[in-house]
Structures are given as C-alpha cells and as structure tokens.
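Please look over the sequence and the model, then follow the sections below.

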Amino acid sequence: MRVGIGHDTHRLAVGRPLLLGGVRVPHDRGLAGHSDADVVLHALTDALLGAAGLGDIGDAYPDTDPAYRDRDSRFFVGDTLARLNQAGWHVVNIDVIIFAQEPKLGPVKADIRRHLAELLGLGAEAVNVKAKTGEGVGAIGRGEAIACQAIALIERSSV
Ligand SMILES: [Zn+2]
C-alpha cells in the first residue's frame, strides 16, 4: 500500500464559476486559474500522483500547455486514475479537507462526496469530504482564496 498527499490553493475572482470536486457551487465569485481551477480535483490529482510516485500535477499537465486551458479538471483525475490503473494500482480511500470562509459548504459536502466517489469508481464510504473555514485569518479567512488538502491510499490490484 502507498499513500500520497496533495494541496492546492486558488484565488477567488468575479466572473468565474465556483467548481469544487466537479460540483458547481452557488457563489458570487469562482476560482481563477488556467484550467477550471477546481482546487479539490487538483489536490486530489496530486495526492493520487504522489501515492504512485508519478510526480505532480504541474509536471503531468503543465499550465503552459494550451491543451489544458479552461480544461474540465475531471480530466486530470480521470487521466491520472487511468495511469495508476495501468501501473496496477487501485484507490483504497481518499480524505479531503476544503478550506473556505465562504460559501458555507455544509449543504454541498454530500454532493461533492458523491461526485468524487463516482469519478474514482469508489463507494461513498471510501470518500470523505470535510470543510473548514479560515477562522477569519489570512487570505482564506478574508474570502480571497479557497484551498484544499487531499490524501489518497492506493494498493496493488490483486490478479
Ligand atoms: Zn490548482
């Protein structure tokens, strides 16, 4: 078994949709970035790449590559999962913490969990989503940014 960790932060900006774990979350601003800036899917991709020893999202999907501009970040998770599966790994479970002062994520946590489970082909019990505020401190506390930490456990598929 192997474990990997991922972390990501994106700035909130007007005129952008807010996507968290592939779920469109109602808010007056969204996350800015080269792709769709889904901070949850980026942290998750990094956790999966890390667990398999495959580097990081910036190496695997460079933001200088126009192919990834405004890209649906579900692509990064799906492609990484395919690479893991090809190398004989499957995902055991993931745990995710989203750091956001606004909006309140209580009402959407279950949706995000369900969506991540679907994306990874896992049961909902193998996917955990937690949400924390920034306690009013720093860029997250001021509502300027949203961050995410993810951890993933993988194991060799039995043949
Ligand atoms: Zn990112």
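## Salt bridges

Arg16 and Asp70 form a salt bridge through their side chains, with an N to O distance of 3.9 Å. Arg16 sits in the loop between strand 1 and strand 2 (19-20), and Asp70 in the loop between helix 2 and helix 3, so this pair ties together parts that are 54 residues apart in sequence. The model is a predicted one. With a relative accessibility of 24%, Arg16 counts as partly exposed. Asp70 also has a positive phi of about 55°, although it is not a glycine.

The structure holds seven salt bridges.

Arg29 lies in strand 4 (residues 29-31) and Glu102 in the loop between strand 5 and helix 4, so the two tie together parts that are 73 residues apart in sequence. Arg29 is buried, with a relative accessible area of 18%, whereas Glu102 counts as partly exposed at 38% relative accessibility.

## Backbone features

Glu102 is joined to Pro103 by a cis peptide bond, with omega at about -10°. Pro103 is in the loop between strand 5 (89-99) and helix 4 (109-120).

Glu135, which is not a glycine, has a positive phi of about 55°. Glu135 is placed in the loop between strand 6 (127-132) and helix 5 (138-141). Is Glu135 buried or exposed? At 68% relative accessibility, Glu135 counts as exposed.

## The zinc ion

Which residues coordinate the zinc ion? They are Asp8 (OD), His10 (NE2) and His42 (ND1), at 2.0 Å. The spacing of the donor residues in sequence is D-x1-H-x31-H. His10 in strand 1 and His42 in helix 1 are 32 residues apart, and the pair links distant parts of the chain. Both His10 and His42 are buried.

## The largest pocket

The largest pocket has a volume of about 210 Å³. It is lined by 14 residues, of which Ser35, His42, Ile57, Tyr61 and Asp63 are the closest to its centre. Strand 1 (2-14), helix 1 (39-51) and helix 2 (57-60) each supply at least two residues of the lining. By class, the lining consists of five nonpolar, six polar and three charged residues.

His115 lies in helix 4. With a relative accessible area of 17%, His115 is buried. Apart from neighbours within four places in sequence, His115 is in contact with Gly21, Gly22, Val23 and Arg74.

Notes:
Residues numbered from 1 in each chain as written. Predicted model: local features only at pLDDT ≥ 70, side-chain atom pairs only at ≥ 80, totals over all residues. Heavy atoms only, no water. 1 Å grid on protein atoms, 1.4 Å probe; cavity = no way out; pocket = protein on both sides within 12 Å on 5 of 7 lines; lining within 4 Å. Points joined across faces, edges and corners; volume = space filled by probe spheres on them. Helix = DSSP H or I, 4+ residues; strand = E, 2+ residues; numbered from the N terminus. Nonpolar A, V, L, I, M, F, W, Y, C, P; charged D, E, K, R; others polar. Donors = N, O, S within 2.8 Å, 3.2 Å for Na, K, Ca; no water. Buried < 20%, exposed > 50% of the residue type's maximum accessible area, 1.4 Å probe, protein only. Contact = heavy atoms within 4.5 Å. Salt bridge = Lys/Arg side-chain N within 4 Å of Asp/Glu carboxyl O.
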